[in-house]
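Visitor: I would like a close look at one part of this model. Please take me through it step by step.

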Amino acid sequence: MNRIAVVRRGIAWAGPLVVIAIPKCPLCLLPLFAIAGIAAPPRPLLDAIVIVVVLSWCGFLLFTVRTKTLRVIAVIAAALVIVGRLAPLPPVSWIGVGVMAGIAILRLAARDRACSGACDR
């Protein structure tokens, strides 16, 4: 596997994992930042970070995925996460994150199937 494929695979997984790792409420951040001696960032800053990560992930997929269906699903997933963060609706955010993780799993499974057929020869 070449370096570009490794980077693409890593980025495909990084977006959903970063969003999953970010606590969904500011109170969840307080103990984490207190351990490090840092004051918790305000919610608007945290929301901005999530939006940048989600839009970066979505933009990456729009340029690397060939199927239109997967592109549409990626845009819908990103929209769900953003709407869930801006209108405090954690279940909507979690659904979007789940769809993002599902896209990453589907992409990896498709690559493994394609590689197993081509690599066995």
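Visitor: In which helix is Leu 62 found?

Guide: First, a caution: this is a predicted model. Leu 62 sits in helix H3, which covers residues 43-64. Leu 62 has a relative accessibility of 33%. Buried means under 20% and exposed means over 50%, with partly exposed in between. Leu 62 therefore counts as partly exposed.

H3 packs with helix H4, residues 68-86. Their axes are 10 Å apart, and the angle is about 180 degrees. That angle makes H3 roughly antiparallel to H4. Leu 62 takes part in the contact on the H3 side. Other H3 residues in it include Leu 46, Val 50, Val 54, Trp 57 and Leu 61. From H4 come Val 75, Ala 78, Val 81 and Arg 85, among others.

Two of those H4 residues lead on to another helix. Val 81 and Arg 85 both touch Ser 93, as do Leu 80 and Gly 84. Ser 93 lies in helix H5, residues 90-119. Its relative accessibility is 3%, so Ser 93 counts as buried.

Go back to H3 for one more stop. Thr 64 is also in this helix. Thr 64 touches Arg 8 and Arg 107, leaving aside residues up to four places away in sequence. Thr 64 and Arg 8 are 56 residues apart in sequence. In space, their C-alpha atoms are 8.3 Å apart.

Key
Residues are numbered from 1 along each chain as its sequence is written. This is a predicted model: local features need pLDDT of at least 70, side-chain atom pairs count only at pLDDT 80 or more; totals for chains, interfaces and linings use all residues. Side-chain values use heavy atoms; hydrogens and water are left out. Helices (H or I, at least four residues) and strands (E, at least two) are DSSP runs, numbered from the N terminus. Buried means under 20% relative accessible area, exposed over 50%, partly exposed in between (1.4 Å probe, protein chains only). Contact means heavy atoms within 4.5 Å. Axes are lines fitted to C-alpha atoms, for helices over the stretch in contact, and angles run from 0 to 180 degrees between N-to-C directions. Angles under 35 degrees count as roughly parallel, over 145 as roughly antiparallel, 65 to 115 as roughly perpendicular and the rest as oblique.
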